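Dear colleague,

Please find below the structure that I am handing over to you.

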Amino acid sequence: MRLEGAEVRCIVLAQYWPILLFIGVAAGLGVVLLAIGMLAGPRRPEAVKLAAYECGFEAFEDARMRFDVRYYLLAILFIIFDLEIAFLFPWAVVFQHIGIVALIEMALFLLLLVVGFAYVWKKGALEWE
């Protein structure tokens, strides 16, 4: 039995229904929870509560003030050390199938991260004055 083009497209598109259903349920749940929070939540507006929070800086200073470079350094370090999870998780999922070579490669990768972390720590980049 040979399927026509339209039938093949319908079969392929039907495989996306669970994904669309999941996205719809997630979006609906998000909207419902936000609505419940807005309707049932306390409303006591005060000047302090309505003020913008800007990473520990005074909210009423000049917007063009200089930021301390430590904020950027800490953000970059967080990204570097947090992104290792993006490499570790898929590796751990298929670990049984990839063998000893991948284990050695991941050990070298983690060793490089530990050396980088030790260097950053020794330089005092993690110290906050």
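**Overall architecture**

Read along the sequence, the protein follows the pattern α-α-α-α-α-α. Its secondary structure comes to six helices and zero strands, where helices (H or I, at least four residues) and strands (E, at least two) are DSSP runs numbered from the N terminus.

This is a predicted model, in which local features need pLDDT of at least 70 and side-chain atom pairs count only at pLDDT 80 or more, while totals for chains, interfaces and linings use all residues. Residues are numbered from 1 along each chain as its sequence is written, and side-chain values use heavy atoms, with hydrogens and water left out.

The average pLDDT (the predictor's confidence in each residue, from 0 to 100) is 81, and 82% of the residues score at least 70.

**Burial and the helices**

Of the 129 residues in the protein, 7% are buried, that is, under 20% relative accessible area with a 1.4 Å probe, protein chains only. Helix H2 (residues 17-40) is hardly covered: the count of buried residues among its 24 residues is zero.

In H4, by contrast, Leu77, Glu84, Leu88 and Trp91 are buried. Their cover includes helix H5 (95-98) and helix H6 (100-123). In H6, the buried residues are Ala102, Met106, Leu113 and Val120, and what covers them includes H4 and H5.

The 25 residues of H4 should span 36 Å at 1.5 Å a residue, and its end C-alpha atoms are 38 Å apart, which agrees; the expected span is 1.5 Å times one less than the number of residues. H6 reaches 35 Å from its first C-alpha to its last, close to the 34 Å expected. After H6 comes Gly124, whose phi is positive, near 85°.

**Glu84**

One residue deserves a separate note. Glu84 lies in helix H4 (residues 69-93). Glu84 is buried yet has no salt bridge, meaning a side-chain nitrogen of Lys or Arg within 4 Å of a carboxyl oxygen of Asp or Glu. The nearest side chain of opposite charge, Lys123, is 21 Å away; Lys and Arg count as positive and Asp and Glu as negative, with His and the chain ends not counted. Leaving aside neighbours within four places in sequence, Glu84 is in contact (heavy atoms within 4.5 Å) with Phe109, Leu110 and Leu113.

With kind regards

Notes: Buried < 20%, exposed > 50% of the residue type's maximum accessible area, 1.4 Å probe, protein only.
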